[in-house]
Amino acid sequence: MIHYHVSFENPLTFYVQVQMTFEVPAAAAEPIELQLPAWRPGRYELQNFAQKIQRVEVLDANSNALLPYRKLTKDRWEIRDVAGRTLQVRYNFYAHQMDAGGSWLDESQLYLNGVQCFMYIDGRQNETCQLQLDLPENWQIACGLPQSGPNTLQANSFDQLADSPLIASPTLQQRTYQVQGLPFTVWIQGECAPDWEQILRDFTAFTEEQMALFGSFPVSDYHYLNQILPYKHYHGVEHTNSTVITLGPAELLMTEGLYKEFLGVSCHELFHTWNIKSIRPAEMQPYDYARENYFRTCYIAEGITTYYGEYLLARSGVRTVEQYFQELNTVLRKHYDDYGRFNLSLADASVDLWLDGYKPGVPDRKVSVYHKGALVALLLDLTLRHLTGHQRSLDDVMRRLYEEFGRKGVGYTEEDYMRLVTETAGRDMRAYFDKFVYGTASLEEPLDKALHWVGCTLRIEETTSASESYFGFRTVVKNERTEVTDILPDSPAAAALTVDDEIVAVNGRRVDMNLQALLSTNNDLRYEVSVFRQNRLLTVVLEAQPGQRFWQKLTVEKLPEATATQRASFRQWIKQEF
């Protein structure tokens, strides 16, 4: 067994003291190598957690003598000639990152994501682990790991330890609901007044809907660890039998705006219990914490989960259809705002998460596996329902992924997913994958056609911003300076402007919070625009083309003239009246 001990001397410093104790077999001939994870599941990028490690020491646990070690890489340490000894590794970890993948220490709580702060012994990841927490007397622990004694948690492996975040605090609130005899505990850390009756009613409803979809649950209990913060925030991360959600501001938790976010992220993260924690790509069976785990199916792991996260809230009756369409329209806006959709496929974008998937990146380079992935999932769900008269749907694909792979602990491949989709459809689905997963074909026409079958349409509206609609550029006002922030390829602006230009005049008139008005004068299509570019004053010509529009707004809406057949199909899709 590998023993971990966590304590803190002064929470004002944010430093947590970590101690790792283990025995080295007498017959061990090779050096011991300790690895700190380089990334965390749920965010597929290298994160350099070793930046947070201070003052590593290695001791003989029996004599307390310091032993030499050598650092091999930024997050790997080697200890030689220690066969037969009991070793103690000590270091400080800086816990000052308050998001759903971070860790935090202050006078009021200890919040740890073990994947950030616990080293493992290379080759011994499958050994059982024990975590002892040195806490004040009145603190409670929220965690998915079982407790074997006071402040003592047990894990079957390093993977389970690293994948089980915890919050320890004297002010935790919690309530538990049950679905199919299994306990689901909602923990809240933060100064807020939750409406527990409403929360438990809504959480029970979407949990029941998910359980009905898959038929069973991968784990025996589940924990929502909520950090409800005093400032605006939104983040969630999935784990095997828990999730961490960071949300704020706390006083607005039960208002419509923030509560819908609370429901959406909670439903999304619960769905991940099946889709990525259980139904896992072959490339991640098991996780390799030391390096990138490239996989081409993040559009399944995140895109399908993004689709179901909001859709199931409507299907379970927690949200209205109108509320669901508002969230779906947000996804549409984000997707169509990004012209990278013409340049990178979903499959390649899955791989490129390890490159720059969570940053804006250079303009128009990539597509979002979350947003396009959700729209491609919607298209597939409606297509499968149409082809089979609602006898089968994306539900069946996900259920089979769970039964054939997730429950057996076997990773699935791209080919496995394509096979299940094809078998569910009862026809060759290669064109769908070639166009929308491995290609960059536009979604508007096929999505509109699929939506018509359930009495809806994809409506296209023009933006009211002249700079966006006619010329294809966006600006922001900073310190009374109007600066260009985005330019669409092949737009009139692309031929005249560059990002970071400061626009100072249009047709000789000063720009002062009035750019849109100046670009709408008498419906002219040609304007002389004065800009400062690299501190040099230039005048360029902006000329729009008749009938050409940019940054159009796409929304899903019900067809007023929907037929009885379409309305019935709508009810079968979303389980609500048209």
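Which residue in β25 is the bridge partner of Glu-483? The points below take up this and other features of the model, which is a predicted one.

1. The partner of Glu-483 is Glu-502 in β25. Strand β25 covers residues 502–506 and runs antiparallel to β24, to which it is joined by two bridges.

2. A second hairpin joins β20 to β21, here through three residues. Strand β20 (residues 233–238) is antiparallel to β21, and six bridges join them. His-233 has Gly-248 as its bridge partner in β21.

3. Strand β21 has a further partner in β19 (residues 222–228), and this pairing is parallel, over six bridges. Ile-228 stands opposite Leu-247 of β21. A student can therefore find both senses of pairing described in general terms, parallel and antiparallel, by looking at β21 with β19 and then at β21 with β20.

4. How many of the seven residues of β21 are buried? Seven of the seven are, and the strand (residues 242–248) is mostly covered. The cover is on both faces: Ser-242, Val-244, Thr-246 and Gly-248 are buried on one side, and Thr-243, Ile-245 and Leu-247 on the other.

5. An open sheet is formed by four strands in the order β6-β7-β3-β11, with antiparallel pairing. Strands β6 (70–73) and β11 (120–121) stand at the edges with a single partner strand each, so one side of each has no neighbour in the sheet. Strand β3 (residues 32–35) is joined to β11 by two bridges, and Leu-34 has Ile-121 as its bridge partner in β11.

6. Helix α15 (residues 564–574) has these buried residues: Gln-566, Ser-569, Phe-570, Trp-573 and Ile-574. Seen down the axis of α15, they fall within an arc of 110°, so they line one face of the helix. On the face of α15 turned away from the buried side are the exposed residues Ala-564 and Thr-565.

7. What covers the buried residues of α15? The cover includes helices α5 (298–315), α6, α8 and α12 (444–452), together with strands β22 (456–461) and β29 (553–558). After α15 comes Lys-575, which has a positive phi near 60°.

8. Helix α6, one of the elements covering α15, has 16 residues (321–336). From first C-alpha to last, α6 reaches 22 Å, close to the 22 Å expected at 1.5 Å a residue. Its buried residues include Val-321, Tyr-324, Phe-325, Leu-328, Leu-332 and Tyr-336. Gln-323, Glu-327, Asn-329 and His-335 are also among the buried residues of α6.

9. Helix α8 (residues 371–388), also part of the cover of α15, holds Leu-387. Is Leu-387 buried or partly exposed? At 35% relative accessibility, Leu-387 is partly exposed. Leaving aside neighbours within four places in sequence, Leu-387 is in contact with Ala-425, Arg-427 and Met-429. Leu-387 and Ala-425 are 38 residues apart along the chain, yet their C-alpha atoms are separated by 6.5 Å.

10. The model has 46 aromatic pairs, counting rings whose centres lie within 6.5 Å. Tyr-222 and Tyr-224 form an edge-to-face pair, at 4.9 Å centre to centre and 75° between the planes. Tyr-222 is buried, with a relative accessible area of 0%, and Tyr-224 is buried at 0% as well. The rings of Tyr-339 and Phe-342 have centres 5.5 Å apart and planes at 65°, so this pair is edge-to-face. Tyr-339 is buried at 15% relative accessibility, whereas Phe-342 is partly exposed at 38%.

11. Charged side chains also sit over rings. The charged end of Arg-341 is over the ring of Tyr-339, 4.7 Å from its centre. Lys-558 lies over the face of Phe-578, at 5.3 Å from the ring centre.

Notes: Residues are numbered from 1 along each chain as its sequence is written. This is a predicted model: local features need pLDDT of at least 70, side-chain atom pairs count only at pLDDT 80 or more; totals for chains, interfaces and linings use all residues. Side-chain values use heavy atoms; hydrogens and water are left out. Rings of Phe, Tyr and Trp (its six-membered ring) pair if their centres lie within 6.5 Å; planes under 30 degrees apart count as stacked, over 60 as edge-to-face and the rest as tilted. Buried means under 20% relative accessible area, exposed over 50%, partly exposed in between (1.4 Å probe, protein chains only). A charge sits over a ring if NZ of Lys or CZ of Arg is within 6 Å of the ring centre and within 35 degrees of the ring normal. Contact means heavy atoms within 4.5 Å. The expected span of a helix is 1.5 Å times one less than its number of residues. The arc is that of the directions from the helix axis to the C-beta atoms. Two strands pair if DSSP finds at least two bridges between them.
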